[in-house]
Amino acid sequence: MHEIGVAVIGLKIWTKYPLIIVALALLSAFVTGIVAYTVASRELRRAAEGELTALLEARKAALESYLNSIPEDLRFLAVTSQLREAMLDFNEGWHELGANPGATLRRLYVTENPHPAAQRDTLDHAGDGSTYSSYHEYHHPWFRDFLRQRGYGDIFLFDPRGNLLYTVVKDPAFATNLIAGPWNKTGLGQVF
């Protein structure tokens, strides 16, 4: 190592200056590269954080808008003749099914539904000739379209005695009693 230092010292001046200039230029480029990398990294992180914050705000606004639309939809449904007519029709159809209408409807629209569970809502008429199925065929497409357009998980129609007369999706609680039935302790039972 000492020999190299002596060799540089022993060089003539016109050789030393270019070597010193090259060494300083390399050192300057190295320092500039590190500074540029640090600044660029910091700015990219800030930009990513800004984008995530903007995305979070957009999602928050969309969720607030969706949640605010629910009471509006409830008010709309409460005054629409379609809902009133459907409630009367499904109640009439329920009572015409005999002693155990819930079991009959679960058999027709759940267990014997030819569609897979995720597509039970595509069955409009059970083909049993009942008044309930005729009313279902008439009202179900409207409720299904409303559900899909608004992005709801399901729509439920109850009678005052706690019978779940109608759902779009036909989940396991369909055609049960929310007061005395197996779903009375669930969130749906509590809401009723």
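This tour moves through a predicted model, naming what to select at each stop and what is found there. Residues are numbered from 1 along each chain as its sequence is written, and side-chain values use heavy atoms, with hydrogens and water left out. In this predicted model, local features need pLDDT of at least 70 and side-chain atom pairs count only at pLDDT 80 or more, whereas totals for chains, interfaces and linings use all residues.

Begin by selecting helix 2 (residues 13-79) and helix 3 (residues 81-95), which pack at an angle of about 65° with their axes 4 Å apart; helices are DSSP runs of H or I with at least four residues, strands are E runs of at least two, and both are numbered from the N terminus. The axes are lines fitted to C-alpha atoms, for helices over the stretch in contact, with angles running from 0 to 180 degrees between N-to-C directions. Where the two helices meet, L77, A78 and V79 of helix 2 touch S81, L83 and R84 of helix 3, contact meaning heavy atoms within 4.5 Å.

Stay on helix 2 and select I20, which counts as partly exposed at 45% relative accessibility; buried means under 20% relative accessible area, exposed over 50%, and partly exposed in between, with a 1.4 Å probe and protein chains only. A40, also found in helix 2, is partly exposed with a relative accessible area of 36%. From A40, a C-alpha to C-alpha distance drawn to K185 spans 57 Å, the two being 145 residues apart in sequence.

Next, select helix 4 (residues 101-111), whose buried residues are P101, G102, T104, L105, L108, Y109 and V110. Their cover includes helix 3 and helix 5 (131-150).

The salt bridges come next, each a side-chain nitrogen of Lys or Arg within 4 Å of a carboxyl oxygen of Asp or Glu; a search of the whole structure finds six. One of them joins R107 and E112 at 3.3 Å, N to O. Another pairs R148 with D121, the closest N and O atoms being 3.0 Å apart. Because R148 lies in helix 5 and D121 in the loop between helix 4 and helix 5, this pair ties together parts that are 27 residues apart in sequence. R148 is partly exposed at 48%, while D121 is buried at 10% relative accessibility.

Finish at T167 in strand 2 (residues 164-167), which is buried with a relative accessible area of 0%. Leaving aside neighbours within four places in sequence, T167 is in contact with D154, I155, F156 and F174.
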